[in-house]
Amino acid sequence: MTDVSITGLTKRFGPVTAVRDAGFTASPGVTGFLGPNGAGKTTVLRILLGLVRPTAGEALIDGVRYADLRHPRRVVGALLEATGFHPGRTARDHLTIAARLAALPVARVGQVLDDVGLAADAHRRVGGYSLGMRQRLGLAAALLGDPQVLILDEPANGLDPAGMAWLRGLLRDLADQGRTVIVSSHVLAEVAQTVDRVVVLHAGTVRFAGTLDELAGPGTGGLETAFLRLTSEPRLEGSRP
């Protein structure tokens, strides 16, 4: 069982405070990471993955920083944006190179292509892929190390309704295997059908962290109503506009 813990996390970019004393935990299951544009969600995820250094506080995976994990790709898989693919390479070539660079078994390539529904298009050049197909390829790359933690930023971007239903099933399957999945998303209807827990970030601060039922159970008006209520409060001085 691998947990993610964020404690007292603050990040300033010059005079702007992007994240302010944020704290929450994510355990096995699916945690929805919600907030309007500019709330600080991507900054938190990038700190968690060691891509940005915090001003204060810490972000730990299984009790340690990402940089201190012995085999990070075997512990954490991430999809922050479906870009960076060489348009002239096939999906299989891209994943094979990624596996070799991370010292992962190349045999995993075929498995993850099948898992994300790209097996039939594995020999096509990525330059001819739709946005939804590139999202699937990004998910395949995140799954290469068979990680216990998945960090996904807007994974439904570019997916059609059938693709979104497929993604919902994939996330639930991963959670049922005991993995910790953190999903940042603006698609509240999908979040409401998928997650176990919810973290709502607004103006760099955590406004709610708890179960979906606690936030949007019977009598609350639903997730959208609760989300709009939490994110309509005034922003703090010095927060990102």
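Where is Thr231 found relative to helix H9 (223-230)? In this predicted model, Thr231 lies in the segment after that helix. Its relative accessibility is 15%, so Thr231 counts as buried, the cut-off for that class being under 20%. The side chain of Thr231 reaches back to the backbone oxygen of Phe227, at 2.8 Å. When neighbours within four places in sequence are left aside, Thr231 is in contact with Pro36, Val200, Leu201 and His202.

The setting for this residue is a chain of 241 residues, whose secondary structure comes to nine helices and nine strands. The radius of gyration is 18 Å, close to the 18 Å that the globule rule gives for 241 residues, so the chain is as compact as a globular protein of that length. The C-alpha trace spans about 50 × 40 × 35 Å along its principal axes. Buried residues account for 49% of the chain. Of the contacts with a separation of 6 or more, 69% involve residues 24 or more positions apart. The accessible surface of the chain amounts to about 11100 Å², and carbon and sulfur atoms contribute 50% of that area.

The C-alpha atom of Gln111 is separated by 14 Å from that of Ala98, the two residues being 13 apart along the chain.

Aromatic rings were considered next. A search of the whole structure returned one aromatic pair. The pair is formed by Phe24 and Phe33, with ring centres 5.4 Å apart and planes at 40 degrees, so the arrangement is tilted. An angle under 30 degrees would have counted as stacked and one over 60 as edge-to-face. Both Phe24 and Phe33 are buried.

Charged side chains were also located over aromatic rings. The charged end of Lys11 sits over the ring of Phe13, at 5.1 Å from the ring centre. Arg136 lies over the face of Trp166, and here the distance to the ring centre is 4.1 Å.

Terms used
Residues numbered from 1 in each chain as written. Predicted model: local features only at pLDDT ≥ 70, side-chain atom pairs only at ≥ 80, totals over all residues. Heavy atoms only, no water. Phe/Tyr/Trp six-rings, centres within 6.5 Å; stacked < 30°, edge-to-face > 60°. Buried < 20%, exposed > 50% of the residue type's maximum accessible area, 1.4 Å probe, protein only. Lys NZ or Arg CZ within 6 Å of the ring centre and 35° of its normal. Helix = DSSP H or I, 4+ residues; strand = E, 2+ residues; numbered from the N terminus. Rg over C-alpha atoms; globule rule 2.2 N^0.38 Å. Contact = heavy atoms within 4.5 Å. Areas by Shrake-Rupley, 256 points an atom, 1.4 Å probe, with all protein chains shown as cover. Polar contact = N/O pair within 3.5 Å; in protein donor to acceptor, adjacent residues only side chain to side chain.
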